[in-house]
Amino acid sequence: MTNTEDDVTSARDYTVIGDELYALFRDQGDLQALQLAIGHYNAALTEDVLDSQCSRSDQLLKLGTALSRRFDLVGDTADLDVAIDCHSVAIELQTPDSLDVPIMHVKHAQMLMKRFALHVNQSDIDLAIEQYACISNQTDPAHEAWLVALADALVTRFSHWGDSTSMPPTHSLTSVLGNLSLAHFFRYQQEGDAPDLTSSIAYSTEALEKIFSEDQNRSVLLNNLANGLLLRFKKLGGTDDLEQAIKSYGSVIELCPPGHKGRLHALSNLASAIMTRYELQASLVDLEISLSYFLEALDICPKNHPDRPILLGNLATTLRKRFQHTGDIIDLETSIENHYEALHALSPSHPHRSDTLCSLGNALQSRFAFQGDPGDLVAAVDRYSEALHLRPPSYPERADLLNNIANVAFNLFNEQRNPRNLDLSIENYSEALQFSPEGFRRSLLLHNLASSLTTRFIYRNDAKDLDRALELGASALELRERGHEYRLSSHVMLANAKGLKYELEEYSRIHLHAYSKAPQSTNNLEEAFRYFRSASTHISGGSLPKFRVALLWVKEAEVHKHPSALDAHQIALNMFDRHVTTKPSVESRHRIVREYAPSLAVDAVSCALRLGLATLAVEMLEHGRGILWTYLARFRTPLDDLQNAGEHGCQLAPEFVRLSSLLEDAACGAVTEEGLQHYRSLLREWDGVVDQIRLVDGFGDFLLAQSFSKLKKAAKNGPVIITNASQYSCDAVIIHHEHDPIHIPLPDINTSDILRLSEQFRYFATNRGRGRSAERELTELLRQTWDTVVFPVVKTLESSLHLPQGSRIWWYPTGRFNSIPLHAAAPFRRGEKGLPNYYISSYTPTLSALLRCQKPRHVSNDKTPPRILAVGQAAPTGGFAKLGTVDEELDSLQSILPPVMSMTRLTGESATRSESLRAIHSSPWVHLACHGKQDVTRPLKSCFAMSDGPLALLDIVRAPSDPAEFAFLSACHTAAGDNKAPTKLCISLLRCSLLALEELLELCGLWMTPSWSIWSRRFTKPSSKDHQTD
């Protein structure tokens, strides 16, 4: 029978419609479209008019693929069976040299593996392995993925039938695992997917466990494992991976003794890995070991070996690193010689020649910096230029290389005053801009080019250079966000372009240097501090650069005893406060505080006290102490008074609450570029609302730093004693609610003494001694604390304030004073009383904390008693010691509460992280009978131990909460008690371990009371002779 043209057209129409329907399914997941596509493909095959075997093969392939997809969705195994048959016939109909055959084998194998997973039929997996084995074109980009699939199938078959006969003779299990490891490794190098790297390491490890120790392939597997571990270290930074990689490379060397053909690469690999560790730890031992391996590798490497130039380059770089470590010029000279020898061995077109030229240029710049020979700069320019010539315009790091050339040329101009070098610098900066993407690099290049043009304007007085410099500087400034560390330098550069020759800070340094040469004239000194003031208060520039200038101003003003020192301290505090507000997360703020301002507030207080300004000192301390810990409290300010301040106040209050909530959420979330922009936009809105609130009558100081007239009210329940330890002086200040502050200098103690006492007290807290010797040592420490700090305070309290014995006093320690148990100080001399015999001691982290505690805790018309939550966790996870009396403690708490106050218990397995967090934030009062662990290095990771893990303070900060009022912590891991330790030692040191935690809880909105009296009852029965503590 002869097929008509219409029949052929009809069959092709079925195929076209089927293709469109399958595409619709693929795009939208429409199962009905898939059903119709299968019907059309079947119809096309039924027509039996396809004009060639290849066309019929294509049609079968389409039908099989569609049926396989329907099996995935519906699960009808009949679809999978037909799909497998379709692919089998389609492969037979194709010509062997067809480009479609490999992918057909893959699809056939994949379907067979699906059916094997259903029925575990060995014939399916055998046939699948045969299909994968048919793919032999190793140049195909997908060959490595097919190799992985083949290896997976082989391992699967072995795991089911467990004997070598289940594999073809050419595949041993270790060989398969090794190939599988390599396949994953290669795919990771191409695609960068971390799971591939993990799989590569896992397969290498498994292969090493199964291979015989004398197998010659063991060294290859070890090398592959080390390569994977080293690569994972570079990606993730896990030092265990680096150490294991070095160990594995070392094992390879043991398996490759002298004379072994693999020893050369084994030595080079181990040397490179150890150099990586040197970069991490800067250990000179690692540097020396790495050098010894590189030297041995070079010694056994033949002169004509293709890897010799690379070895020479690695050795040269290592020698330059040692020069940077030791300053031995011989190392640098040898490094340069090795680079030149490597270059001589590399052909002009060798792919490593460009990198070697760049490394040589770096070495030449290092020698110039050490010896000052401009010839090295000239040679560096030549090397960089040749490297640039070898790299195509599309090379991704071309802009960096051009920037290096420009920098060297600019340095040459400064050395030789040859205008050609200045022109060359400008030309290369300009070209680098053409290849630099938007972002950090571009802003840097814009700034560098503008600076060079400004220099050329000064040299040639060409107005065009000045105009372009101003334009480029403005562009650099626009790209640099507010707060960027280089923003101020852009402003200074613009100022230079308008007539200044040096940065304002540099002016200050110059004048200070001049003053040191001629101290009899104070003109230079005054000029220096005038420029310090200008730089730190410049209208433009980020807060962090200006804060750094202010810190330098503080340092120099204190050294030269200049009267501007107090202004410097105040400006530094204000700049730092402003910078902290630009940071969108609590953790980033804390990190900045730890990095830049560990003693900022205490040094400012010392300066004010030395000038007789005790009132200002208290205000500055409260400001500095509150920069971090009370920042979130700004977003949790009660607004009852504002809502009662007329119609405008009622409108502003809910808007302030809305923006504050959004800002608090942003501050506790993950930091992203988009989130950062959103945070800054919210902050601008929030600032605007705050400005409007301050215009409302009676709210002019809303959220501003409080004046002493308000702060001193914190002392209405007893005097507050500030103890301040600065590098410049140690002082105490007594605050009374009816008097001006009283300054008490502490001349008999300094910061070194306080540091020593602090470390010794902390030692006792973590290494409790036994017997009377430990108590004698502790007694001596407490005696020193009494004589140098506490006794002068007690004497003033009696003589100036006439404070009756038995009164309460509040200690407000700063810095290292936080680790000293001031409340336990006593002379321990016959006939003399200690502090517990005079007054009852309590502690506060800030005056603001005391003020907040004195405010009414409930709305005036709410007579409902606060809800109390009692969280008891006696046996948490994480290796903590069991707490034996948690239930008894909660029973005692329940018994002393009035009947109208309800208490909710959360104990045992119920006291999980999530449940505790939920309960804490719905309960104004919280009693925590559990372990608390302080993380000194990351305080926001400090935690409470729950049944399923730690509940971090950052979790508490992040969670939404009702108004929090009171938290009571009655156990922690550093004060869990030791029934053999001296009673007074345990009680005295308990306070030291909790005060920092107290500050952190305040950040969460909770007021914490440590349980001194409960702990006293646990250690011993109360006695009139015991120190009285609160």
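**Close-up views of a predicted model**

**View 1. The buried residues of helix α28.** L600, A601, V602, D603, A604, V605, S606, C607, A608 and L609 are the buried residues of α28. The model is predicted. Helix α28 spans residues 600-610. It is mostly covered, with 10 of its 11 residues buried. After α28 comes G612. The phi of G612 is positive, near 80°.

View 2. K107 sits in helix α5, which covers residues 101-119. K107 counts as partly exposed because its relative accessibility is 28%, and the partly exposed class lies between under 20% for buried and over 50% for exposed. Set aside the neighbours within four places in sequence, and K107 is in contact with T65 and H87. K107 and T65 are 42 residues apart in sequence. In space, their C-alpha atoms are 8.2 Å apart.

**View 3. R417 in a loop between two helices.** The loop joins no strand here: look between α18 (398-416) and α19 (419-435) to find R417. R417 is not a glycine, yet its phi is positive, about 55°. Its relative accessibility is 47%, so R417 counts as partly exposed.

**View 4. H802 in a loop between a helix and a strand.** H802 lies between α35 (771-799) and β4 (808-813). This residue is other than glycine, and its phi is positive, near 50°. H802 has a relative accessible area of 60%, so it is exposed.

Note on methods: Residues are numbered from 1 along each chain as its sequence is written. This is a predicted model: local features need pLDDT of at least 70, side-chain atom pairs count only at pLDDT 80 or more; totals for chains, interfaces and linings use all residues. Side-chain values use heavy atoms; hydrogens and water are left out. Buried means under 20% relative accessible area, exposed over 50%, partly exposed in between (1.4 Å probe, protein chains only). Helices (H or I, at least four residues) and strands (E, at least two) are DSSP runs, numbered from the N terminus. Contact means heavy atoms within 4.5 Å.
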